[in-house]
There are 2 protein chains.
Amino acid sequence: MTAPASSFDPGLPDGTNQSLDIAISPDGTPEQGRRYDIPARCGMAVRVKAGELLTITNPVGYQVCDFWIFNVDDLQEYSSMEHLHTSILSLFPKVGDGVISNLRRALMTITEDTSPGIHDTVIASCDHARYQQLGVEHYHNNCTDNLRQALIAIGLRAPAVPAPFNLWMNVPVQPDGTLSFEPPVSKPGDHMRFRAEMDVVAVMSACPQDVTPVNGEGTFPAGLSFQVDQS
Amino acid sequence: MTAPASSFDPGLPDGTNQSLDIAISPDGTPEQGRRYDIPARCGMAVRVKAGELLTITNPVGYQVCDFWIFNVDDLQEYSSMEHLHTSILSLFPKVGDGVISNLRRALMTITEDTSPGIHDTVIASCDHARYQQLGVEHYHNNCTDNLRQALIAIGLRAPAVPAPFNLWMNVPVQPDGTLSFEPPVSKPGDHMRFRAEMDVVAVMSACPQDVTPVNGEGTFPAGLSFQVDQS
């Protein structure tokens, strides 16, 4: 009834960067109203209590944020894009929509979105294997390892790598289902705000993708910022 | 670094049906060339060795099959629709496409599809919570529990509930990302064939959805069949 001993650990990074060392506090608890900066190519985790608001800001506009939410009392409950699709009957979540878990509960609700609302919910977070397939020979920072490291940095461990909610990522869907990677249409300073519907850990990765134009054309992966406020 | 003690077990069913008792063999190894019938509303698992062919048949045409593939040597590697989307740059896999894992490897390749190729890769498998939300008060058979039970029936356990590859499920995507549940367009006797690219366990659930028209309009959930052959 158990997995083989060779089972790979989904919470263990393939490589590391400074995400391991930049936790906002030992357990991810934020100072209310303080702005935290996520360095380019890095990931950070923050605890958000039920009713609190998390604001994620895109200073440069073209920077994608891979975003995950976990129930802090049971990390096996996490944001699930396939359950979200069923809930909202759309690939594009908008203000008022709950970000749904694999147990079909709203972890957070989108309360504000200053961008045109173009976000991705169908593409996996970049990972070591992805960059190898794109021809990168050395270790490349990636959102999957940023998720893993951001949780380890606050004393937790990802029990799985859920499909990400890719804020500001522009992946148009043609009527025949064809997808393409396009530069974001968001503008400098755009932000999204989420109200926690239960106590959660939110993880944000400033996507380090620099091989495809996911983070803009002719631009470099940039940082993001976030803060938590009482509602 | 560990999950809380209250952590729910993704491999444990919320309820049971005969899927627990209808394994094709104690460890899921099939007899080559033998047709196995999946009863309506049930799930079954089968081991398919690298190079072997798995054929899944839809006798009534309107029956959806929720489908998952696991690497038999490490169940933590499994079919991932978000990685599949990245690989094929489409929401609709077709003949020649590999069904990609969360480690970005092809677990199986689609070698034949007699249907018009309308399958779903964005909707979660139905589960206990889904039927509760649809107003069903008692326990309702569901694909998620069928997956869990089909693996338990051959001595394994799902380490997670991956997003399913929903064969013949018709969920059109509008240009604005809007989704809808429509009756399948497949016809009686349609089949799909998959070549295993490594030793895998494939799990199929004859979707018991009878509240939405996923399995046809005015029809009842029906059975499916499958067989494994040498290539």
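This is a predicted model: local features need pLDDT of at least 70, side-chain atom pairs count only at pLDDT 80 or more; totals for chains, interfaces and linings use all residues.
Two strands count as paired if DSSP finds at least two bridges between them.

**Entry: strand 10 of chain A, partners**

I looked up what lies opposite A:Val46. A:Val46 stands opposite A:Ala202 in strand 10 of chain A. I then counted bridges for the strands involved. Strand 2 of chain A, residues 43-48, is joined to strand 10 by six bridges, and the two run antiparallel. On strand 4 of chain A, residues 65-71, I found seven bridges to strand 10, again antiparallel. There A:Asn71 stands opposite A:Val200.

**Entry: strand 10 of chain A, burial**

Is strand 10 of chain A mostly covered or mostly open? I find it mostly covered: seven of its seven residues, 200-206, are buried. Next I sorted the side chains by direction. A:Val200, A:Ala202, A:Met204 and A:Ala206 point one way. A:Val201, A:Val203 and A:Ser205 point the other way, and all of these are buried too. In a regular strand the side chains alternate between the two faces of the sheet.

**Entry: the sheet in chain B**

I turned to chain B and traced an open sheet of four strands. The strand order is 2-9-4-7, with antiparallel pairing. Which strands sit at the edges? They are strand 2 (43-48) and strand 7 (165-167) of chain B, and each pairs on one side only. From one strand to the next, the twist averages 25°.

I checked one pairing in detail. Strand 2 of chain B pairs with strand 9 of chain B, residues 200-206, in the antiparallel sense over six bridges. B:Val46 has B:Ala202 of strand 9 as its bridge partner. Helix 3 of chain B, residues 143-152, packs on this sheet. I see the helix touching strand 2, strand 4 (65-71) and strand 9 of chain B. The direction of helix 3 makes about 140° with that of strand 9 of chain B.

**Entry: how the two chains relate**

Note on methods. Residues are numbered from 1 along each chain as its sequence is written. Chains are lettered from A and ligands numbered from 1 in the order in which they are written. Side-chain values use heavy atoms; hydrogens and water are left out. Axes are lines fitted to C-alpha atoms, for helices over the stretch in contact, and angles run from 0 to 180 degrees between N-to-C directions. Contact means heavy atoms within 4.5 Å. Buried means under 20% relative accessible area, exposed over 50%, partly exposed in between (1.4 Å probe, protein chains only).
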